[in-house]
Amino acid sequence: MPELTTHISQAEEKQSILAAIVNNSDDAIISKTLQGIITSWNKGAEALFEYTESEAIGKHISLIIPPDRYAEETHIISEICKGNKVAHFETLRVSKSGKVIPISLSISPVLNAKGEIIGASKIARNISEKIKIQQEKDQLYNEIKVLSNKKDEFIAAVTHELKTPVTALSGSLQILKRYISLEEKGLLIVERCIKQVDKVTFLINDLLDFSKAQTGLLQLRPEVFDITGLITDCIDLFKGETHHNFKFDAATPVQLTADRLRIEQVLINLLGNAVKYSPAGGLIKIDVNEQADTVSVSVEDEGIGIDKEHLDKMFTRFYRAVNTDSNIPGLGMGLYISREIVNRHNGTIHVKSEAGKGSVFCFILPKNR
Ligand SMILES: Nc1ncnc2c1ncn2[C@@H]1O[C@H](COP(=O)(O)OP(=O)(O)OP(=O)(O)O)[C@@H](O)[C@H]1O
Ligand SMILES: [Mg+2]
């Protein structure tokens, strides 16, 4: 007999713990019969739907369902009858004062001692705050998108306006250079001016390409060419300008159909970065690998490398992994434009890198578009 008493008191204790949990929950916890008659109603339900326990018990659950959502109840009951749970179902319910409340519902079958389904218990969580935060986020996102589009339009307009005078300036300097004899001091100054104007022209062209990439207007003019020859030409552009060593073995030509000028642009971007981000110098290794349908080109340096946290964002527009106070110049456009060019060729571009150990940028192009 004492054993049975212990058993009963343990069961009672468990029951009262469960009752306390249900009662003190901030969520509304309700149970109902399969006919929809409310059989229990906790404090959370009183606070959320404004009906007291005695007002709610014995009433039909449609008490809190907006009329245009009655069909939901039929669906929920049919799922419960099959023994299924309904989890995190987002819907609306209505309180005693007529307030429409967005809620997340989780409903499970209630079984009797024989294991038969005799009703349902549901937990309703008020998600007004969550929805408000989501709406604020959406609004902020839309505002940022509008501002970002305005910024892109502004960049496109300014670049367009800059292009004409800078082209005229560049042409005039070339003509002026022809009028100055080799001995004159002025020649050195004009040559310096030409170099600086060339830099501005590069920047304007990058900005124009950036705007074209943004609007999907980056045009391709495909032709057949040998990419190893193009790589050798690009390396030559850098050789006189930097103390880095270049290693490229152009043993056999590799033909492909692509926009030569655009691929040249990608190579110049990658080689330029390899030089720029290895300020201590070192080796820059270029490899070409020909497969049946594709060609892959990799540019490897021994420079500062890239921290893991930046790797997946490298090809995003205006993204720079270096500190803003670093004295390495750049706008973060080169890789964005390069990826657009490679993608337009149905190719891919990726990076492997480790901070302090150097980087490998590799792009793969189909041989025939
Ligand atoms: N070889 C590299 N080694 C280390 N970091 C690199 C390398 N290439 C690119 N990065 C990092 O990726 C960022 C983006 O490169 P990207 O070429 O797009 O821009 P940028 O060189 O900063 O400027 P821009 O190309 O417009 O002159 C760089 O700012 C740099 O932090
Ligand atoms: Mg760059």
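**Close-up 1. Contact of α8 with α9.** Arg262, Gln265, Val266, Asn269, Leu270, Gly272 and Asn273 of α8 meet Gly334, Leu335, Ile337, Ser338, Ile341 and Val342 of α9; residues are in contact if their C-beta atoms, placed from the backbone, lie within 7 Å. Helices (H or I, at least four residues) are DSSP runs numbered from the N terminus. This is a predicted model, in which local features need pLDDT of at least 70 and side-chain atom pairs count only at pLDDT 80 or more, while totals for chains, interfaces and linings use all residues. Residues are numbered from 1 along each chain as its sequence is written, and chains are lettered from A and ligands numbered from 1 in the order in which they are written. The α8 and α9 axes come within 9 Å and cross at roughly 145°; axes are lines fitted to C-alpha atoms over the stretch in contact, with angles from 0 to 180 degrees between N-to-C directions. The crossing of α8 and α9 is left-handed (the near helix is turned anticlockwise from the far one by less than a right angle; clockwise is right-handed). By class, this contact has 6 nonpolar, 6 polar and 1 charged residues (Ala, Val, Leu, Ile, Met, Phe, Trp, Tyr, Cys and Pro count as nonpolar, Asp, Glu, Lys and Arg as charged, and the others, Gly among them, as polar).

**Close-up 2. Shell around ligand 1.** Ligand 1 is surrounded by 22 residues, the closest being Tyr277, Ala321, Gly330, Gly334 and Leu335; a residue is near a molecule if its C-beta atom, placed from the backbone, lies within 6 Å of it. Two or more shell residues come from each of α8 (260-276) and α9. The shell divides into 12 nonpolar, 8 polar and 2 charged residues.

**Close-up 3. Contact of α7 with α8.** The axes of α7 (residues 227-239) and α8 come within 10 Å and cross at roughly 45°. This angle makes α7 oblique to α8 (under 35 degrees counts as roughly parallel, over 145 as roughly antiparallel, 65 to 115 as roughly perpendicular and the rest as oblique). The α7 and α8 crossing is right-handed. On α7 the contact residues are Ile227, Leu230, Ile231, Cys234, Ile235 and Phe238, and on α8 Arg260, Ile263, Glu264, Leu267, Ile268, Leu271 and Val275. They divide into 11 nonpolar, no polar and 2 charged.

**Close-up 4. Contact of α6 with α9.** Helix α6 (residues 186-214) and helix α9 (residues 334-344) have axes that come within 10 Å and cross at roughly 50°. That angle makes α6 oblique to α9. α6 passes α9 in a left-handed crossing. Asp206, Asp209, Phe210 and Ala213 of α6 make the contact with Tyr336, Ile337 and Glu340 of α9.

Terms used:
Two residues are in contact if their C-beta atoms, placed from the backbone, lie within 7 Å.
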